[in-house]
Structures are given as structure tokens and as C-alpha cells.
Amino acid sequence: EHTLEAKAYAHALGADYIEQDIVLTKDDIPIVMHDPELDTTTNVAKLFPGRARENGKYYSVDFTLAEIKSLSLSERFDPETQQPIYPNRFPATEYDFKIPTLEEEIKFIQGLNKSTGKNIGIYPEIKKPLWHKQQGKDISKIVIDILNKYGYKSKEDKIYLQTFDFDEIKRIREELGYQGKLIMLVGENDWEEAPTDYEYIKSEEGMAEVAKYADGIGPWIP
């Protein structure tokens, strides 16, 4: 879902915005991956045996960008059985897809916009900012610096920046001073996605608090 090939297809279909889930590498490069874990969508276990953490998982922050670029990216699969989670999607092992960096994807979308005359926006999500902080990495600052570099600075620009972490929404707006549009993602407390009480967020009081910082919400609807 996060290959440049998939983004080209979405662009050709006329999407209004294209999403980027963002995690960091060991050398602090933002890459576009749905999760910090690499073992369900790449061949990391085959290329780098013994590099898993104690829980048996491989994490993007433990690999340099050069190492990440050596991996093959595929549809999601079960690491134990090697069987695809979604068997009716694109064949898991047919092609050698690569993991793009955030900058590569932004330049790619902007290039497609220029060549087609379209103005399709981006919809990046900062994944697990607290977890990244626990790894010694400030993912939000790194991402915002790149967004500013490529012209996604204000509420007039074609961007919505999103995260599940309300504390980070506040920090992005106040401490980091980002002026673009922000979206507070709303999940369930048992996901353990962020140190955010989503039941409070969904209350009238919580929504009023969110409105002080964010421009909208992205609720999960079961």
C-alpha cells in the first residue's frame, strides 16, 4: 500500500489526497511504512537474521536507510507461516518493491502534479511519536522540517498532518509551531496506540479541547 507504484496508481485514479504513514530509520530518515515493525511486509528476517529484538520483531529504528533500501517490500503476510494476510490482494512475492523515504514520496507526488496539472495533496501520519521518543528520536520535528522544506507550511497548503497522540498534537502546534492543518486521529484505548484517552477525546469536553489545536478529527468507525 505504501510503494511509489501504489501512489502513482492512486494519483492516476484522481485521489484528492494521498496518505503517508511515517516511521524513522536508525539514521533518523523518515520512511513511508504502516508500522515500525518490518517483519510482516519485508524479507528482513531473511536478509538480517539475528537482528530481531527480544520480542522476535524487527524495527525500522534498528536499521540504517541503506539497510532498509536493501529490503523487498510486499503485501502483509504472517511471518510464521509466510502466508498472505489478504490473499486477494497483489501477489506477495511477485515483484521487488522498495520502501520510499518521505522526501522521495513528496517529490514523486509533486512531480506527478506538475506533469499532469493536478494538485493532489498529502495526508501524512506520524506513527507512534511516544514510542519513537523512547527510542531517542524526535520524529515530529524531523517530519515537520521536511514538510516545511517542501512547502507544506500553512493551512492553505494541500496537507493534513495526523497522529493518534493528543499530547503530540498539542506539542506540534505549540512547541514546534507548525501552522499546517492538523488532524486528531481517534482510536480505541485497548489499541495502546498512544497515551491518549479516546473515551475522553470523544466526549463534548474532549472535542472542545481538541478544537483548540486541531483542525479536524479522523475517527475510527467500527
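Where is the place of glutamate 192? Select it: glutamate 192 sits in the loop between E5 and H8, where helices (H or I, at least four residues) and strands (E, at least two) are DSSP runs, numbered from the N terminus. Its phi is positive, about 55 degrees, although glutamate 192 is not a glycine. Glutamate 192 counts as exposed because its relative accessibility is 70%; buried means under 20% relative accessible area, exposed over 50%, and partly exposed in between (1.4 Å probe, protein chains only).

Before going on, note that this is a predicted model, in which local features need pLDDT of at least 70 and side-chain atom pairs count only at pLDDT 80 or more, while totals for chains, interfaces and linings use all residues. Residues are numbered from 1 along each chain as its sequence is written, and side-chain values use heavy atoms, with hydrogens and water left out.

Over residues 1–222 the chain is 32% helix and 14% strand, with the end C-alpha atoms 21 Å apart.

**Strand E5 (181–186).** Six of the six residues of E5 are buried. Lys181, Ile183 and Leu185 are on one side, with Leu182, Met184 and Val186 on the other. Strands pair if DSSP finds at least two bridges between them. Leucine 161 stands opposite leucine 182 in E5.

Now pick leucine 185, which has 7% relative accessibility. Leaving aside neighbours within four places in sequence, leucine 185 is in contact (heavy atoms within 4.5 Å) with Glu125, Gln162, Thr163, Phe164, Tyr198 and Gly218.

**The cores.** Select Ile106, Leu147, Tyr152, Leu161 and Tyr178, the residues with the most contacts inside the largest nonpolar core, which has 37 residues. A nonpolar core is a set of buried Ala, Val, Leu, Ile, Met, Phe, Trp, Tyr and Cys residues joined through side-chain atoms within 4.5 Å. Elements that each supply at least two residues of this core include strand E1 (17–24), helix H4 (102–116), helix H6 (139–149) and strand E5. A second, separate core of 14 residues includes Ile31, Met33, Ile68 and Leu71.

From tyrosine 178, contacts beyond four places in sequence include Ile144, Leu147, Tyr152, Leu161 and Ile172.

**Helix H4.** H4 has 15 residues and reaches 21 Å from its first C-alpha to its last, close to the 21 Å expected at 1.5 Å a residue (1.5 Å times one less than the number of residues). Its buried residues are Leu102, Glu105, Ile106, Ile109, Leu112 and Asn113. They lie on the same side of H4 because they cover an arc of only 130 degrees around the axis, taken from the directions from the helix axis to the C-beta atoms. These buried residues pack against helix H1 (4–13), E1, strand E2 (30–32), E3 and H6. On the other side of H4, Lys114 and Ser115 are exposed. Just after H4, glycine 117 takes a positive phi of about 80 degrees.

**Last stop.** Aspartate 28 lies in the loop between E1 and E2. Although not a glycine, aspartate 28 has a positive phi of about 65 degrees. Aspartate 28 is partly exposed, with a relative accessible area of 33%.
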